[in-house]
Amino acid sequence: MFIIIGIVIVFASLLIGYTMHHGEIGALLVINEYIIIIGAAVGSVIIANPLPVIKKIIAGIMGTLKGPKVNKAAYIELMQLLYELFQFAKREGLIALEQHIENPESSSIMSKYSTFIANHHGVEFFCDTLKVVLSGGVPAHDLEELMDIDLEAIHHEEEVPPSSVTTVADAFPGLGIVAAVLGVIITMQSIDKGAATVGANVASALVGTFLGVLLSYGVVGPIAKRMESIVKTEHTYLECIKAAVLSFAKGAPAAVAIEYARRSIEPEFRPSFSETEEAIKQAR
């Protein structure tokens, strides 16, 4: 919602300021310039990225409209899930966790937490790490290194779409110059047709430069930044899981492992100690 509001403010302020200087809106509606710049940008994305990445770029852009899936409520739910599973393991033994982590969607415990189950990377990271813990052959410091390797691989994969959008944003001013140069070529071809025609062609060429800079710094660049922010937020969610599982693997009580997880959450979404305690009571 906020990204739509921001884009509306960008365009509204530009158009209002432009018309206050007695500019004509029609002079900005040079469709051929839009086709050149936006078409070239889309083509460059297709050239640079395979189909799976293009799908992720589209999904990432749509995700900026919805906002991050990870919020305070998601973390409270995660605390409840972790506590319930850790308590279950303490009570029934580690081997009893196998039935839950092999098929999390059908688990009597994990299936209750819909936000967690919907997080593909979270489920996979958590279950795969617990499988290693169940094997019993990996010391805690090696387990941490193993999780860091997995987190780095996931983060690298998720960084590709926003990085690609950032590249497009950086390219827009150059594409605007290309469109302007093409406009200048057209202008030179019509130089014998009078000042009015030349002026109109020069104005059309300048629209290309204007559009390229506007899309770069006013629309696409901010969207890329928003995508990066969402990726970072979702990565912190995995770091929270890591902190809890590592503490549990070292033998800490469930409540202590949950506190390690809580402290790893960024302050914006971190539940208070009392909120976490209340969530744990509900999980009991």
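I looked up Val8 and found it in helix H1; helices here are DSSP runs (H or I, at least four residues), numbered from the N terminus. This is a predicted model, where local features need pLDDT of at least 70, side-chain atom pairs count only at pLDDT 80 or more, and totals for chains, interfaces and linings use all residues. Residues are numbered from 1 along each chain as its sequence is written, and side-chain values use heavy atoms, without hydrogens and water.

Is Val8 buried or exposed? Val8 counts as exposed because its relative accessibility is 52%, and exposed means over 50% with a 1.4 Å probe, protein chains only.

Next I checked the largest pocket. I noted a volume of about 760 Å³. Its lining has 29 residues, and the closest to the centre are Lys69, His121, Glu158, Ile230 and Glu234. A pocket is an open set of points on a 1 Å grid over the protein atoms alone, with protein on both sides within 12 Å along at least five of seven lines; lining residues have an atom within 4 Å of a point. The volume is the space filled by probe spheres set on the points. I sorted this lining into 13 nonpolar, 10 polar and six charged residues.

Then I turned to the second largest pocket, which holds about 400 Å³ of space. Among its 17 lining residues, Val42, Ile61, Val168, Phe172 and Val220 are the closest to its centre. Here I counted 16 nonpolar residues, one polar and no charged. Asp, Glu, Lys and Arg count as charged; Ala, Val, Leu, Ile, Met, Phe, Trp, Tyr, Cys and Pro as nonpolar; the others, Gly among them, as polar.

Conventions
Helix = DSSP H or I, 4+ residues; strand = E, 2+ residues; numbered from the N terminus. Buried < 20%, exposed > 50% of the residue type's maximum accessible area, 1.4 Å probe, protein only. 1 Å grid on protein atoms, 1.4 Å probe; cavity = no way out; pocket = protein on both sides within 12 Å on 5 of 7 lines; lining within 4 Å.
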